[in-house]
Amino acid sequence: MIGRYIGRLVTKVAIRGMVVLAPVAATDQTHIVDLRGVLPTNGSYGYRPKEAIEGLVIHHTATAGQTFKRIAEYHVQVKKWPEIGYHYGIGWNEEGKEATIYMFNDPLEWTNHAKGWNYRTVGCVLMGNYE
């Protein structure tokens, strides 16, 4: 699914102030665990046309021992956002043995993840601290 929306784009990824151009591709073997409807919510975000998506913003949780459920609770309960702010997350599976891609929001929804860039980008968060 992500390949349909982003695969044809050249993605601008901000890494410590630098902009790196990188092609994005997905394969039929890509397995994504869908957590839509599972994580805490308080409403929903609005939708945008796929032509509005210009890039991907990659975040990291910058913490140890964090879970995507706790992040969603923080975004919904403290920040008062309708849902978790990211579209995708990459973290360890339940056994802690294999990296897993999780879907939190439809890529066509605009979400709160990068002020000033929310409507034009898809947000992905990596579990861990990469500073």
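Over which residues does pLDDT stay under 50? I looked this up before anything else, taking pLDDT as the predictor's confidence in each residue, from 0 to 100, and found that the stretch is residues 1-24, for which the model has 40 contacts (heavy atoms within 4.5 Å) beyond four places in sequence.

Notes on the source: this is a predicted model, in which local features need pLDDT of at least 70 and side-chain atom pairs count only at pLDDT 80 or more, while totals for chains, interfaces and linings use all residues. Residues are numbered from 1 along each chain as its sequence is written, and side-chain values use heavy atoms, with hydrogens and water left out.

Confidence: I noted a mean pLDDT of 79 for the protein chain, with 73% of its residues at 70 or more. Confidence is lowest in strand β1 (residues 10-15), at a mean of 36, and highest in α2, at 96; helices (H or I, at least four residues) and strands (E, at least two) are DSSP runs, numbered from the N terminus.

Helix α2: I listed Phe-68, Ile-71, Ala-72, His-75 and Val-76 as the buried residues of this helix, which spans residues 68-78; buried means under 20% relative accessible area, exposed over 50%, and partly exposed in between (1.4 Å probe, protein chains only). These buried residues pack against β5 (88-92), β6 (99-103) and β7 (121-126), whereas Gln-77 and Val-78, on the other side of α2, are exposed.

Thr-111: I found Thr-111 in the loop between β6 and β7, and it counts as buried because its relative accessibility is 0%.
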